[in-house]
Amino acid sequence: LTTGTAAPVTEAQRIVISGSPTGGSYTVTFDGKTTAAIAWDANQAAVQAARRLLPGADAAEGRIRYLRN
């Protein structure tokens, strides 16, 4: 019997804003926790910052790749 620490699970989140939005906001939910409203034209850093404000979020985990269509 061999025991050890399991490898961490890596999960990818992809956020795509499509069409031609000109206003409004959206939220993102991670592990059942929802961010505050994020401006429709927020950049990747702003989305990541909103995610880091969630209870229990670790600043080093969960990098977000953000694409605009």
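This tour moves through a predicted model from the whole chain to individual residues.

**The whole chain**

Begin with the entire chain in a cartoon view. The chain contains 1 helix and 6 strands, and along the sequence these elements follow the pattern β-β-β-β-β-α-β. Of the 69 residues, 22% count as buried. For contacts in the chain with a separation of 6 or more, 32% are between residues 24 or more positions apart.

**Strand β1: Ile-15**

Select residues 14-17, which form strand β1, and pick out Ile-15 within the strand. Ile-15 has a relative accessible area of 11% and is therefore buried, the limit being under 20%. Ile-15 and Gln-44 are 29 residues apart in sequence, and their C-alpha atoms are 9.7 Å apart in space.

**Strand β5: Ile-38**

Proceed to strand β5, residues 38-39, where Ile-38 is found. Is Ile-38 buried or exposed? With a relative accessible area of 4%, Ile-38 is buried. To see its surroundings, display Gly-24, Ser-25, Tyr-26, Val-28, Val-47 and Ala-50; Ile-38 is in contact with each of these residues, neighbours within four places in sequence being left aside. A distance drawn between the C-alpha atoms of Ile-38 and Ser-25 reads 5.2 Å, although the two residues are 13 apart along the chain.

Now follow the chain into the loop between β5 and α1 and select Asn-43. This residue is partly exposed, with a relative accessible area of 47%. Which end of α1 does Asn-43 cap? Asn-43 caps the N-terminal end, with a side-chain oxygen 3.2 Å from the backbone nitrogen of Ala-45. Select Ala-46 as well: its backbone nitrogen lies 2.8 Å from a polar atom of the Asn-43 side chain.

**Helix α1: the buried side**

Select residues 44-52, the span of helix α1, and colour Val-47, Gln-48, Ala-50 and Arg-51, which are buried. Why do these four residues lie on the same side of α1? They cover an arc of only 160° around the axis, which puts them on the same side of the helix. An α-helix has 3.6 residues a turn, so residues three or four places apart point the same way.

**Arg-51 and Phe-30**

Arg-51 lies over the face of Phe-30, at 5.5 Å from the ring centre.

**Aromatic rings**

How many aromatic pairs does a search of the whole structure find? The search finds 0.

How values were computed
Residues numbered from 1 in each chain as written. Predicted model: local features only at pLDDT ≥ 70, side-chain atom pairs only at ≥ 80, totals over all residues. Heavy atoms only, no water. Buried < 20%, exposed > 50% of the residue type's maximum accessible area, 1.4 Å probe, protein only. Helix = DSSP H or I, 4+ residues; strand = E, 2+ residues; numbered from the N terminus. Arc of directions from axis to C-beta. Polar contact = N/O pair within 3.5 Å; in protein donor to acceptor, adjacent residues only side chain to side chain. Phe/Tyr/Trp six-rings, centres within 6.5 Å; stacked < 30°, edge-to-face > 60°. Lys NZ or Arg CZ within 6 Å of the ring centre and 35° of its normal. Contact = heavy atoms within 4.5 Å.
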